[in-house]
Amino acid sequence: MKRFARAALMVGAAWSAMSVGALAQEAQPASDDAAQVDDVIVTARRREEVLQDVPIAVTSLGAERLEQTGATDITALQQQTPNATVQVARGSNSTLISFIRGVGQQDPLWGFEPGVGLYIDDVYVARPQGAVLDIFDINRIEVLRGPQGTLYGRNTIGGAIKYVTDRIGQTPEFEASATLGSYRQADVVVSAGAPVSDTLAVGAAFARYTRDGFGENTTTGLDQYDRDVTGWRLSAEWTPTDDLFFRLAYDRVDDDSNPRHGHREVNSTIGGYTPPANVYDTQAGLTGEQRVVTEGMSLTGDWTVNNWLTLRSITASRRGDTATVIDFDQTPLPYLDVPAIYSDNQFSQEFQALFEGDRWSGVAGIYYLDSTAAGVFDTIAGNLGVVIAAAGSVDTTSWSVFGDFSYELTDRLEVSVGGRWTQDDKTGDVYRAFFLGATRSPLTGGTVRPVFATRTDYTASETFERFTPRVSATYDFTDDLTGYASYSQGFKSGGWDMRGDAFLTPQTVNGYDPEIVDTFEVGLKGNLGNMIQFSSAAFYSAYEDQQITSQVVATLPATGIASIVDNVGSSTIYGAELEATAFLTDNLTAFLSYGYLHAEFDEFITFVTGSPVDISSTRVFQNSPEHSVFLGATWTQPNVFGGELAITPSLSYRSSYHLFEAADPILDQDGYTLVDLAAVWDSPNGHFSLGFNGRNLTDETYRVGGYSFPGATFNNSISAFYGPPRTFSFTLTARY
């Protein structure tokens with residue numbers, strides 16, 4: 001607590017200096033060549049507001065900024081957002097893993113809930129498969145840091161990521177781009193939109209991404225870390241009157257990339273396998289279908305009833321199907337091979353009422369979600385001569401009622417009060433059995449044979465309810481400087497471990513309880529004169545009943561390998577964040593983001609041994625570097641071959657971090673810096689542009705995920721997944 005107090009005092013001192021600077025700037029005219037600071041509009045509170053007025057820590061990256069920095073998919077948020085980890089999940093090509101301020105979810109297995117909510121045009125995406133969204137046909141991405149339980153509900157205890165697509169313009173528009181790059185990268189993106197009548201407009205976007213692998217599977221000959229993705233978006237917008245608006249949208253992504261196996265980090269105990277020299281190479285022998293398909297449809301309707309009330313309806317359905325193979329031991333031997341199949345379906349309906357008065361504003365609503373997540377996977381244990389099959393599903397019906405209202409007590413002081421009541425009704429089916437023979441089980445299409453031993457077979461139902469409040473106060477020190485203080489709470493729903501072995505760990509049938517996070521935050525946002533736009537925050541979080549998965553490994557026939565999910569206890573998280581954009585001249589803009597994060601377990605109770613034991617002194621937070629920094633600048637030069645050239649160099653730094661709660665010197669990642677360079681030339685009429693993108697120019701090698709099953713039982717299976725190497729690409733774009 002003393003360290004947090006010192007951090008808060010340091011931030012407060014910085015804020016005081018900024019305040020004095022802002023007041024001084026008010027008395028000085030802006031220089032003639034300084035660019036004008038424009039307001040940033042966000043919808044973090046489900047209504048359009050200027051970023052400076054929102055008492056939430058929000059990163060907003062518009063399409064122009066994303067293009068200037070060479071961002072290609074949603075994982076670019078990790079470099080530009082303080083205290084955020086946004087990565088492709090281990091053993092996958094398009095499954096999303098997100099952490100914000102130390103809170104998130106690494107395990108994408110069905111039944112587990114995310115800690116960071118993902119939204120596409122205000123539609124909640126319940127499952128992480130296929131959620132590594134490519135950046136095309138986009139308006140902006142907003143990252144909301146800290147619990148968002150009031151307006152965004154369950155499973156946003158770390159924060160929320162909002163992917164906002166473009167609306168159709170009033171005039172016909174067409175854009176097509178082609179990209180060629182390293183590793184035979186070849187991408188095509190085409191989008192178009194046009195009004196077909198005075199009230200109806202239609203739009204479409206298509207994207208095709210292909211690339212050879214960064215490495216090779218030396219056993220199968222397939223590329224490693226390749227890319228084979230196709231995406232679609234279709235939309236229609238109808239405005240029958242000035243007061244009515246409807247939008248129907250459809251999206252689909254097909255990922256047919258090769259299996260993404262890991263790199264063995266240590267020698268095997270059987271077979272004499274050593275780590276490949278290239279970190280992107282693997283010796284994995286498991287083969288099978290690898291495909292991810294996700295699609296969704298939504299209908300949004302807005303009715304402006306009068307000048308103070310707007311009613312909104314958001315109806316949506318989404319589904320996803322995944323077939324994947326993961327070779328945990330990374331050898332041709334079947335010592336820890338996992339073929340898996342996932343499927344999910346969701347339907348949601350949300351009604352909102354948005355209010356706007358002279359001194360007050362707010363939103364209230366009702367939300368309903370009906371979803372099913374199911375799957376089956378095998379754990380082929382070759383040295384034990386068995387396959388462990390796991391299957392199950394979780395049905396969730398969720399209701400919530402929410403509201404958030406703001407009132408201006410004076411011209412300078414505004415208070416906001418909000419809350420959300422949520423009820424999750426869940427039913428889980430969990431099945432686990434042993435089959436003799438180290439080949440696929442009948443559940444994943446293997447040879448039909450009898451069950452050797454049934455380990456788990458139960459159905460359980462539970463209701464999880466929670467009221468999550470939020471209060472804040474906002475004060476305008478000047479027209480250009482706003483401070484706020486807030487308290488917010490979030491919760492992540494409980495459930496059951498789909499890997500649970502009721503014979504080895506009988507308590508698994510009881511499931512696990514929800515997580516709770518209480519966060520206190522203070523912030524300062526605004527403009528320093530006409531040159532600098534900034535936002536900053538300091539926060540303190542109390543994290544209770546964290547859901548942590550622990551692995552249990554023992555020798556057959558008595559036990560086997562299983563996991564148990566414990567509500568391990570409590571932890572303390574605090575830190576500070578700063579984002580700033582400096583409009584130095586009409587031709588030069590610089591940007592900075594910095595995050596400081598301190599997260600530690602106060603109590604970590606595990607029942608793996610059969611009795612409760614506190615091991616907090618030996619546990620650490622995963623995917624939570626203490627420091628994260630982003631520095632960049634965009635220099636524009638007119639009259640270059642008749643057009644305008646924009647060059648953006650950038651640096652991003654992440655200090656050392658752990659991949660698991662147990663520190664592991666083999667897998668833990670040291671601090672590293674990525675150097676990127678992007679350049680875009682626009683033709684004089686704006687119809688053509690040529691872009692260059694260089695990523696990881698120093699060819700930094702860094703881990704983003706891993707598996708750890710040490711020891712002879714599973715062939716010393718310790719493997720890692722790595723971020724992309726140095727790449728270059730050129731993009732030609734035509735616009736009309």
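Visitor: Is Asn-715 buried or exposed?
Guide: This is a predicted model, in which local features need pLDDT of at least 70, side-chain atom pairs count only at pLDDT 80 or more, and totals for chains, interfaces and linings use all residues. Residues are numbered from 1 along each chain as its sequence is written, and side-chain values use heavy atoms, with hydrogens and water left out. Buried means under 20% relative accessible area, exposed over 50%, and partly exposed in between, with a 1.4 Å probe and protein chains only. The relative accessible area of Asn-715 is 0%, so Asn-715 is buried.

Visitor: Where is Asn-715 found?
Guide: Helices (H or I, at least four residues) and strands (E, at least two) are DSSP runs, numbered from the N terminus. By that numbering, Asn-715 is found in the loop between β38 and β39.

Visitor: What is the phi of Asn-715?
Guide: Most residues other than glycine have a negative phi. Asn-715 is a residue other than glycine, yet its phi is positive, near 60°.

Visitor: Which residues does Ser-268 touch, not counting residues up to four places away in sequence?
Guide: Ser-268 is found in the loop between β18 (263-264) and β19 (291-304), and its relative accessibility is 12%, so Ser-268 counts as buried. Contact means heavy atoms within 4.5 Å. With residues up to four places away in sequence left out, Ser-268 touches Tyr-273 and Asn-715.

Visitor: How many Å apart in space are Ser-268 and Ala-712?
Guide: Along the sequence, Ser-268 and Ala-712 are 444 residues apart. In space, C-alpha to C-alpha, the separation of Ser-268 and Ala-712 is 8.3 Å.

Visitor: Where is Asp-137, and what is its phi?
Guide: Asp-137 has its place in the loop between β8 (123-125) and β9 (138-145). Its relative accessibility is 25%, so Asp-137 counts as partly exposed. Asp-137 is not a glycine, but its phi is positive, at about 55°.

Visitor: How many residues are in the largest nonpolar core, and which of them touch the most other members?
Guide: A nonpolar core is a set of buried Ala, Val, Leu, Ile, Met, Phe, Trp, Tyr and Cys residues joined through side-chain atoms within 4.5 Å. The largest such core has 42 residues. Those that touch the most other members are Leu-109, Trp-110, Phe-328, Phe-377 and Met-498.

Visitor: Which strand supplies the largest share of this core?
Guide: Several strands each supply at least two residues of this core, among them β21 (337-356), β22 (360-381) and β39 (717-722). The largest share is four residues, and it comes from β39.

Visitor: Is Tyr-431 buried or partly exposed?
Guide: Tyr-431 lies in strand β24 (residues 413-436). Its contacts, leaving out residues up to four places away in sequence, include Ala-390, Leu-443 and Thr-456. The relative accessible area of Tyr-431 is 23%, so Tyr-431 is partly exposed.

Visitor: Is Phe-491 buried or exposed?
Guide: Phe-491 is found in strand β26 (residues 481-492). Leaving out residues up to four places away in sequence, Phe-491 touches residues including Arg-154, Thr-422 and Pro-514. The relative accessibility of Phe-491 is 2%, so Phe-491 counts as buried.

Visitor: By how many Å are the C-alpha atoms of Ser-655 and Thr-673 separated?
Guide: Ser-655 is found in the loop between β35 (643-654) and β36, and it is buried, with a relative accessible area of 7%. Ser-655 and Thr-673 are 18 residues apart along the chain, and their C-alpha atoms are separated by 8.7 Å.

Visitor: How many helices and strands does the protein have, and what is its radius of gyration?
Guide: The protein has three helices and 40 strands. The radius of gyration is taken over C-alpha atoms, and the globule rule is 2.2 Å times the number of residues to the power 0.38. For 736 residues that rule gives 27 Å, and the protein's value is close to it, so the protein is as compact as a globular protein of that length, with a radius of gyration of 26 Å.

Visitor: What percentage of the residues of the protein count as buried?
Guide: The protein has 736 residues in total. The share of them that counts as buried is 58%.
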